[in-house]
Amino acid sequence: MSDERRVALIPSTSFYIGPPLARLLAARGHDLVIADPADGLVEELESLGASGGGRRASRRSASPESIGAFVALGLERFRRIDAAA
């Protein structure tokens, strides 16, 4: 990861606005932490330049523990978070 790339969290990339938002941010030079990715999305994000194509995580529950784990995954991988959707 380059320190020049911004890091964004997207908690649901399985439907609606999540996949297009992830594609847009990857194309604009963001590294991503994503949850519940649509089939093939991780590979597509990698082809657009996102570091690791994002991270697989599950945030099917809105519990504080699952949200905390999702944020911790981003911090562990990238050491910072610049944006969240």
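A: Start with accessibility: a residue is buried under 20% relative accessible area, exposed over 50%, and partly exposed in between (1.4 Å probe, protein chains only). Asp82, with a relative accessible area of 30%, is therefore partly exposed. This is a predicted model, in which local features need pLDDT of at least 70, side-chain atom pairs count only at pLDDT 80 or more, and totals for chains, interfaces and linings use all residues. Residues are numbered from 1 along each chain as its sequence is written, and side-chain values use heavy atoms, with hydrogens and water left out.

Q: How many salt bridges are there?

A: A salt bridge is a side-chain nitrogen of Lys or Arg within 4 Å of a carboxyl oxygen of Asp or Glu. By this rule there are three salt bridges. In one of them, Asp82 pairs with Arg80, with the closest N and O atoms 3.0 Å apart. Arg80 is partly exposed at 23% relative accessibility.

Q: Where do Arg23 and Glu44 lie?

A: These two residues form a salt bridge, and their closest N and O atoms are 2.7 Å apart. Arg23 is in helix H1 (residues 18–27) and Glu44 in helix H2 (residues 41–47), so parts 21 residues apart in sequence are tied together.

Q: Which residues of H3 are buried, and which are exposed?

A: The buried residues are Ser66, Phe70, Leu73, Gly74 and Phe78. They lie on the same side of H3, because they cover an arc of only 95° around the axis; the arc is that of the directions from the helix axis to the C-beta atoms. Pro64, Glu65 and Glu76 are exposed on the other side of H3. The buried residues of H3 pack against S1 and S2, where contact means heavy atoms within 4.5 Å.

Q: What follows H3?

A: Arg79 comes after H3, and its phi is positive, near 70°.

Notes
Helix = DSSP H or I, 4+ residues; strand = E, 2+ residues; numbered from the N terminus.
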